[in-house]
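Walk through this fold one piece at a time. Begin with how the strands connect, then turn to the pocket.

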Amino acid sequence: MKNDVSKADLQDQDRQAIRALIARQFSSLSWTPNNPGDWDAFSADFVPEAFLYASARPSRGQTVQAFMDRMKNLEQTTLRMFQESLERCEICVFGNVAVAAAVCEQVENAGRANRTVEMFLLVRNDDGWRIASQAWDMETQAKRIPERFFPDETED
């Protein structure tokens with residue numbers, strides 16, 4: 001019996017690793033007044049040159065550090081509680097590159113839940129998968145996330 005791992009098994013392992021990375025991102029970017037965000041875990045998942053693009057327009061890229069500085073300030077001032085969780089994720093892997101589209105639920109200051117769609121460009125290096133770029137947009141009444149956006153899937 002061969003000990004070779006099939007291509008499909010390797011791609012499944014890649015998708016599981018990427019899904020875990022994205023879930024960790026959302027978890028580390030969650031805080032309460034008694035439990036701060038895990039900024040070290042958040043920043044560790046990015047390549048050093050990564051840029052993030054928020055939903056605000058016109059779009060403007062920002063470094064991971066600039067994004068964290070802004071969020072840390074909000075954590076200490078107006079945004080005392082922020083919870084973010086992964087709802088669904090579709091991942092496409094080819095060799096050492098991948099794209100992922102994730103639906104995320106956000107709750108700010110114990111208010112109403114909102115959803116975003118987050119797009120990730122990922123690269124695999126010797127130390128595993130890292131985010132090369134990330135962009136997101138908020139769902140609104142006028143801009144709903146279509147159910148067909150992702151196929152039905154069961155999360156682990």
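Two residues form the hairpin link from strand 5 to strand 6. Helices (H or I, at least four residues) and strands (E, at least two) are DSSP runs, numbered from the N terminus. The model is predicted: local features need pLDDT of at least 70, side-chain atom pairs count only at pLDDT 80 or more, and totals for chains, interfaces and linings use all residues. Residues are numbered from 1 along each chain as its sequence is written, and side-chain values use heavy atoms, with hydrogens and water left out.

Strands 5 and 6 pair antiparallel through ten bridges; pairing requires that DSSP find at least two bridges between two strands. Within this pair, Phe120 faces Gln134 of strand 6.

Strand 5 (residues 113–125) also runs antiparallel to strand 4, with eleven bridges between them. Here Val103 lies opposite Val117 of strand 5. The hairpin of strands 4 and 5 has four residues between the strands, and Asn109 takes a positive phi near 50 degrees.

Now the largest pocket. A pocket is an open set of points on a 1 Å grid over the protein atoms alone, where a 1.4 Å probe fits, with protein on both sides within 12 Å along at least five of seven lines; lining residues have an atom within 4 Å of a point. The largest one holds about 470 Å³, the space filled by probe spheres set on the points. Its lining has 25 residues, and Ala54, Phe67, Arg70, Met71 and Trp136 are the closest to its centre. Helix 1 (7–28), helix 3 (64–76), strand 3 (82–94), strand 4 (97–108) and strand 6 (128–138) each give two or more residues to this lining. Helix 3 gives the largest share, four residues.
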